[in-house]
Amino acid sequence: MADITVTEHLLLHQKRTPQATGQFTGLLYDLILSGKSIARRINQAGLLDILGGTGEVNVQGENVQKLDSIANRIMLYRMERCGALCAMSSEEEADLVRVRPEFPRGDYILIFDPLDGSSNIDVNINVGTIFSIFRRPEGNTGEVSLNEVLQPGVKQVGAGYILYGPATMLVLSTGQGVHGFTLDPGVGEFLLSHPNMRIPQQGHIYSVNGGNWKNWDETTRKAVSWFRTCETPDGKAYSARYVGALVADFHRTLIYGGIYMYPPDIVKPHGKLRLMCEANPLAFLAEQAGGKASDGHGRILERVPDALHTRTPLFIGSTKDVEAVENIYAHPVV
Ligand code: AHM
Ligand code: MG
């Protein structure tokens, strides 16, 4: 395959979209640059003193890892200066981050998880940056209000992630399918390696933290048990895989099919994952790739968030596998 850089790909595709402004392409360019900076820090993590925790606890009540905090600062610094944004929301920030008046302000809103799966950092296992892009509602000017940001996922104009794995990969959709790019560290460019990614309609892998079994209700146990006992289209049993980093588990699901599940439980009755910075962007990618994303009862992308850090149950992946779960929740075990 001829080497197509992500910038070439964006320029080619953005020309064909209604939101084709230099602003949007510039936003993606700076996001990619931030991802490259984070990738470089992660590659050095074992060499420099950047493993471990900072001793702080974030807005979610979780321990902040040093790399979490570094990734967050890289994103905030670079993206505030990109000229395309009016506001940002990060998993690591309690409140909305408005672009300050000294920087050029644009029409877009960026929501991100700077380093997803950060409990994996110290053991050198995959982590990732997840991002979601909205446009500010038409005609609004001046200081951005929280209501302008709390949009349902269907309104996303772009979403994706950067996976820091054996290779660094960018997986992106601007509403015209899903495309994957692999970082060539020699030239420092993401090259198109996975054009038009499609999720198989049914997979053969299920992914869930089975350690939560004791905290699930009977309906959730029935949904998980379904994958433990049913057969794949070729008559084999499903395999279980769980990295514990959503972005890595989702990436495998996107390529091989199957389902990733984070159901509600008695400790986390609304689920663990955040609607805006984790579920929405991956749901956008799943649908663009021909798959499905549900909270067990309905489409993730139609949920209207009531706060920046609203949580949601998540069932995402192959259409048939997600529908199997929805069918089970439609008839709760009493
Ligand atoms: P994080 O954003 O703080 O890393 O938390 C989200 C992570 C997901 O990446 C992962 O799928 C999930 O939490 C794992 O949770 P658990 O350890 O409860 O299975
Ligand atoms: Mg996360």
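Predicted model: local features only at pLDDT ≥ 70, side-chain atom pairs only at ≥ 80, totals over all residues.
The magnesium ion (ligand 2) is held by three side chains, D113 through OD, D116 through OD and E278 through OE, at 1.9 to 2.2 Å. Along the chain, the donors of this ion follow the spacing D-x2-D-x161-E. The site therefore joins distant parts of the chain, since D113 belongs to strand β5 (residues 108–116) and E278 to helix α7 (residues 275–288), 165 residues apart. D113 counts as buried, with a relative accessibility of 0%. E278 is likewise buried, at 1% relative accessibility.

A search of the whole structure for aromatic pairs returned eight. In one of them, Y242 and Y260 are stacked, with 6.3 Å from centre to centre and 15 degrees between the planes. The two tyrosines come from distant parts of the chain, 18 residues apart. Y242 is found in the loop between β12 (239–240) and α6 (246–256), whereas Y260 lies in strand β13 (residues 259–262). Their surroundings can also be described by accessibility. Y242 is partly exposed, at a relative accessible area of 32%, while Y260 is buried, at 3%. Ring pairs also connect Y206, W226, F227 and Y238 into a cluster.

Two arginines were found over the faces of aromatic rings. R81 lies over the face of Y77, 3.7 Å from the ring centre. R228 lies over the face of W213, and here the distance to the ring centre is 5.1 Å.

R81 also takes part in the surroundings of F103. With neighbours within four places in sequence left aside, F103 is in contact with E80 and R81. F103 itself is placed in the loop between β4 (97–98) and β5. The relative accessible area of F103 is 17%, and this residue counts as buried because the value is under 20%. Between F103 and Q176 the separation is 73 residues in sequence and 31 Å in space, taken from C-alpha to C-alpha.

Helix α8 (residues 319–330) contains twelve residues. From the first C-alpha of α8 to the last, the helix reaches 16 Å, close to the 16 Å expected at 1.5 Å a residue. The buried residues of α8 are T319, D321, V322, A324, V325, E326, I328 and Y329. These buried residues pack against one helix, α5 (218–229), and against the strands β13, β15 (292–294) and β17 (314–317).

The search of the whole structure for disulfides found zero. C82 is in no disulfide, and the nearest cysteine sulfur, that of C86, is 10 Å away. C82 is buried, at 17% relative accessibility. C277 is also in no disulfide; for this residue too the nearest cysteine sulfur is that of C86, at 18 Å. C277 counts as buried, with a relative accessibility of 3%.

Note on methods: Residues numbered from 1 in each chain as written. Chains lettered and ligands numbered in written order. Heavy atoms only, no water. Phe/Tyr/Trp six-rings, centres within 6.5 Å; stacked < 30°, edge-to-face > 60°. Helix = DSSP H or I, 4+ residues; strand = E, 2+ residues; numbered from the N terminus. Buried < 20%, exposed > 50% of the residue type's maximum accessible area, 1.4 Å probe, protein only. Lys NZ or Arg CZ within 6 Å of the ring centre and 35° of its normal. Donors = N, O, S within 2.8 Å, 3.2 Å for Na, K, Ca; no water. Contact = heavy atoms within 4.5 Å. Expected span 1.5 Å × (residues − 1). Disulfide = S-S within 2.5 Å.
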